[in-house]
Amino acid sequence: MSLFRPLSALAVASLGVAALVQAAPARDSAVARAIAAPERTAAERARDRYRHPAETLAFFGVTPASKVVEFSPGGGWYTAILARIPAGKGSYTALVPAKGAEGARKMLADKGLKGIVATIDAATGTSDVPAGSQDVVLTFRNIHNLTMGGGDTAAKVFAAWFAMLRPGGTLGIVEHRLPETADTAKEKDSGYLKASTVRRLAEQAGFTLAAGSDVNANPRDTHDHPKGVWTLPPTYALGDQDRATYAAIGESDRMTLRFVKPR
């Protein structure tokens, strides 16, 4: 399997970009070792075929020397990989609301991982991550949570990410993808967002779109499920109702976008 899948012609056109094609990034041995770590659980490994961590992290340029921030790591699926990669001057930081700091520390400890826990106030966009200190900020399937409540929360969080990155730093985004031709109203409660919406938020914060990949695309996803994205695995919001159907679809169709902070 190629480490890099350029965006399809339709996806490129929907982003308003003439071309987003690059050579396949090299696979980092430290990333491969982190993915293969025996400490990762069977449940975590079962998601690899949907989330393509090796290809995704190569696309985002994560190496052991990277200072990486993961926004809202939740249960720590990606944390179990990311926190095992740093070496030398590299580091891993879990970025969470203040009320989630203790839970993040416990999550790291329970998984036997080392890392920094930093906080962000989404309402104001303030964070205790020093300005210009980070190489990579990553967020996996979180932006819909910032936008569904309305207001300017998402804009403030994007601005905070911009501030904490060094010039030339990377913002890597994986998010449930709503087709550009779909009714935008679906963004309010389905968990899916249009790539153009994500791009607008990033560019308003000062980022530049560098490239996109279809590595986490899922053409079986019809984007129109009764309980939105949560209908699909691993959540199965409908329980056993039509479970086999949704299991056959797999996890959601996802955009994978890399933005940069201009130098």
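Analyst: The protein contains eleven helices and nine strands. The model is a predicted one. Of its 263 residues, 53% are buried. The protein exposes about 11500 Å², and carbon and sulfur atoms supply 55% of that area. Among contacts between residues at least 6 apart in sequence, 73% join residues at least 24 apart.

User: Why is the aromatic pair of Tyr78 and Phe140 called stacked?

Analyst: The structure holds six aromatic pairs. In the pair of Tyr78 and Phe140, the centres are 3.7 Å apart and the planes form an angle of 10 degrees. Rings pair if their centres lie within 6.5 Å, and planes under 30 degrees apart count as stacked.

User: How do you know whether Tyr78 is buried or exposed?

Analyst: The relative accessible area of Tyr78 is 3%, and buried means under 20%. Tyr78 is therefore buried. Phe140, with a relative accessible area of 5%, is buried as well.

User: Why is the pair of Phe158 and Trp161 called tilted?

Analyst: The centres of the rings of Phe158 and Trp161 are 4.8 Å apart, with 55 degrees between the planes. Stacked requires an angle under 30 degrees and edge-to-face one over 60, and the rest count as tilted. Phe158 and Trp161 are both buried, and together with Phe71 they form one aromatic cluster.

User: What makes the charged end of Arg243 count as sitting over the ring of Tyr236?

Analyst: The charged end of Arg243 is 3.8 Å from the centre of the ring of Tyr236. The distance limit is 6 Å, and the charge must also lie within 35 degrees of the ring normal. The charged end of Arg243 is classed as sitting over the ring. Likewise, the charged end of Arg40 sits over the ring of Trp77, 5.3 Å from its centre.

User: How do you know whether Trp77 is buried or exposed?

Analyst: Trp77 has a relative accessibility of 10%, and the limit for buried is under 20%. Trp77 therefore counts as buried. Trp77 is found in the loop between strand 1 and helix 6. Its contacts include Arg40, Glu44 and Arg47.

User: Why does Lys194 count as buried?

Analyst: The relative accessibility of Lys194 is 8%, which the limit of under 20% classes as buried. Lys194 is found in strand 7 (residues 193-194). Its C-alpha atom is separated by 5.7 Å from that of Glu180, 14 residues away along the chain. Among the residues that Lys194 touches are Leu178, Glu187 and Met255.

User: How do you know that the buried residues of helix 7 lie on the same side?

Analyst: The buried residues of helix 7 (residues 101-110) are Ala101, Ala104, Met107 and Leu108. They cover an arc of only 120 degrees around the axis, which puts them on the same side of helix 7. An α-helix has 3.6 residues a turn, so residues three or four places apart point the same way. The face turned away from the buried side of helix 7 carries the exposed residues Glu102, Lys106, Ala109 and Asp110. Helix 6, strand 2 (91-96) and strand 3 are included in what covers the buried residues of helix 7.

User: Which residues have the most contacts inside the largest nonpolar core?

Analyst: They are Leu95, Phe158, Trp161, Leu171 and Phe259, in a core of 29 residues. Helix 9 gives the most to this core, with six residues. A second, separate core has 28 residues, including Ala54, Ala94, Val136 and Ala211.

How values were computed: Residues are numbered from 1 along each chain as its sequence is written. This is a predicted model: local features need pLDDT of at least 70, side-chain atom pairs count only at pLDDT 80 or more; totals for chains, interfaces and linings use all residues. Side-chain values use heavy atoms; hydrogens and water are left out. Buried means under 20% relative accessible area, exposed over 50%, partly exposed in between (1.4 Å probe, protein chains only). A nonpolar core is a set of buried Ala, Val, Leu, Ile, Met, Phe, Trp, Tyr and Cys residues joined through side-chain atoms within 4.5 Å. Helices (H or I, at least four residues) and strands (E, at least two) are DSSP runs, numbered from the N terminus. Contact means heavy atoms within 4.5 Å. Accessible areas come from the Shrake-Rupley method with a 1.4 Å probe; for residues, only the protein chains shown count as cover. The arc is that of the directions from the helix axis to the C-beta atoms.
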